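This report concerns a complex of protein chains. It is intended to be read alongside the sequence and the three-dimensional structure.

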Amino acid sequence: MSVVQLAFYFMALVTLGSALTVAISKNLVRSIFMFFITLFGLAGLYVLALADFVAVTQIVIYVGGILVLILFAFMLSGKEALEAAQKQSSRFVSLKNLPSLLLALFFLVVMINVIFKADVANLQWLKEANGTQNVIGVNESMINNIGVNLMTRYLLPFEAISVLLMLALVGAAHLSRKEDMRG
Amino acid sequence: MNFYVTYFLTAAGLFGFVGAFTLFGVWGERKISAFIQNRLGPTETGKFGSLQTLADIVKLLQKELIIPAAADKVLFLMAPGIIFIAVYLGFAALPWAPGLVPSQINIGLYYIFAIISIETLGILMAGWGSNNKYSILGAMRSAAQIISYEIPAGFAVISAVMIAQTLNLQTIAMQQGILSSETSKFLGMWDVSKIGGILSWNVFQAPHLLVAFVIYFIASLAESNRAPFDIPEAESELVAGFHTEFTGPQFALVFLAEYSMMFLVSMVGVILFLGAWNTPLPNIGSVTLATWTTGTVWGIVWILAKTMALVAVQMWIRWTLPRLRVDQLMNLCWKVLTPLAFACMLLSGVWRLWVM
């Protein structure tokens, strides 16, 4: 096995193992910190796939932003709510878990279907791009490409997302205002 | 397999440097604070007290590692390590001299910003793991502060990146001196590609970057939890903030992280705005000072000198200005620095389109 393969299996093991621990662990804080390891392992997998920009973005957005926000929400919430969450019965097979179990199973079927139908080794668009030399090399900068594409081809989705985020901001500001200050 | 050995040697060398810098930095800070407060500072151990921190660290490492009974042991033990490793990983992408960079990454600057944000997580971990209200208050304050100040810092950095058109730190460094393959213009009008020196630094290539640099510097003080932004460890109200419960080697790691962070943010500032490893001396006619003082050794000398100067300014500010209150801190960030940083970014775009 080459070093890259070894690294891949190691990262995959770390990611899956920590993800399992996140789901199983009864200690909520530990789960959140374990999630950090999952995200980091995922970033490592992206690096192995030569998608360094995606890897770094993953860390900036998920670790630096979302995970810290989750922690904030956790630390600011009351003790009663947390205890109720931790006291949930952890029996794997029970009627309460049936919907989630079904959902997970269906999702698994979809995923397996995708993997078997994709035929990653000879994708049509990959072959075309290779044929016309329309590819970015390992050592070339890809941020210029991403920037140009965001501002031309994908401008509408980009702007739609920014409007969505703006709405979320306005909503958050409205919700956090005190009652008597309204009007 | 030879290059693996090189990787490990580089990593060990950087670690050694960080340790040495912390020892030197703590001593320097005590001397500077003593000078500002009209005292003598450490004088007994070694010449001018220079071995004082070495003695301190020996004492610190011998101390017992105390874990509070009610603490979350795993988180408590891991937190200082994560705080330090987050900062230490950032050093991988910093260029030291022409052709001398531990890891040549296309998106080096972005990588550093990402990896630094992990420090927040380590601090929250320390605060929660300690199971102490002072710790958790300090950790929450620290996280809030770091997240807020990442915005003006980010936009100040983006305005420099828009001028440089790359995230590769070595390329950004290269553009600010005589080794540049592009033309660099002093204030956008005088071609100084062959003259180099201080005239081709980014802050003089585009003057609004001077404002961006000041914004970045202020924000970087907040990101490394240094006074006047040290409310996370405000001694008068929070004992020692998130590291209240740490003793011995763990406390040493937290300290190491703080000083490495100071060095890291200063070095990033130097690379982006103050000419990186380029010499400040310009070529004047046949007296080619810039050509004489450019090279691997000179590069290391210049970047170390510039970064140390910035670190000294950080210490100077710490011992001169009083601590900001939390509302003043947020006012400064959101109402002053962020709009200014946005203006800088806009100016950068205009500058790139019409002047360069």
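**Confidence**

The structure is a predicted model. For the complex, the predictor reports an ipTM of 0.79 and a pTM of 0.86. Chain B has a mean pLDDT of 85, with 99% of its residues at 70 or more. Among the elements of chain B, the highest mean pLDDT, 90, belongs to H9(B), and the lowest, 72, to helix H10 (residues 235-238) of chain B.

**Domains**

Chain A is assigned three stretches, namely domain 1 (1-88), domain 2 (94-135) and domain 3 (140-183). Taken over C-alpha atoms, the centres of domain 1 of chain A and domain 2 of chain A are separated by 22 Å.

In chain B, the assignment gives domain 1 (1-62) and domain 2 (73-355). The centres of these two domains of chain B lie 21 Å apart, again taken over C-alpha atoms. The contact between them joins 17 residues of domain 1 of chain B to 18 residues of domain 2 of chain B. On the domain 1 side, helix H1 (2-36) and helix H2 (52-62) of chain B each contribute at least two residues. The most comes from H1(B), with 13 residues. By class, this side of domain 1 of chain B consists of 10 nonpolar, six polar and one charged residues.

**Contact between chains A and B**

How many residues does each chain bring to the contact? Chain A provides 16 residues and chain B provides 21 residues. On the side of chain B that touches chain A, at least two residues each are supplied by helix H4 (108-116), helix H5 (118-130) and helix H6 (133-164) of chain B. H5(B) accounts for the largest share of that side, six residues. The side of chain B that touches chain A comprises 16 nonpolar, four polar and one charged residues.

Two packed helices are described by the angle between their axes and the distance between the axes.

The residues of the contact of H3(B) with H5(B) are 15 nonpolar, three polar and one charged.

H6(B) passes H9(B) in a left-handed crossing. On H6(B), the contact residues include Tyr149(B), Glu150(B), Pro152(B) and Ile163(B), while those on H9(B) include Leu209(B), Ile215(B), Tyr216(B) and Glu223(B). In the contact of H6(B) with H9(B), 14 residues are nonpolar, three polar and two charged.

Methods. Residues are numbered from 1 along each chain as its sequence is written. Chains are lettered from A and ligands numbered from 1 in the order in which they are written. This is a predicted model: local features need pLDDT of at least 70, side-chain atom pairs count only at pLDDT 80 or more; totals for chains, interfaces and linings use all residues. Two residues are in contact if their C-beta atoms, placed from the backbone, lie within 7 Å. Helices (H or I, at least four residues) and strands (E, at least two) are DSSP runs, numbered from the N terminus. Ala, Val, Leu, Ile, Met, Phe, Trp, Tyr, Cys and Pro count as nonpolar, Asp, Glu, Lys and Arg as charged, and the others, Gly among them, as polar. Domain bounds come from an automatic or database domain assignment. A crossing is left-handed if the near helix is turned anticlockwise from the far one by less than a right angle, and right-handed if clockwise. pLDDT is the predictor's confidence in each residue, from 0 to 100.
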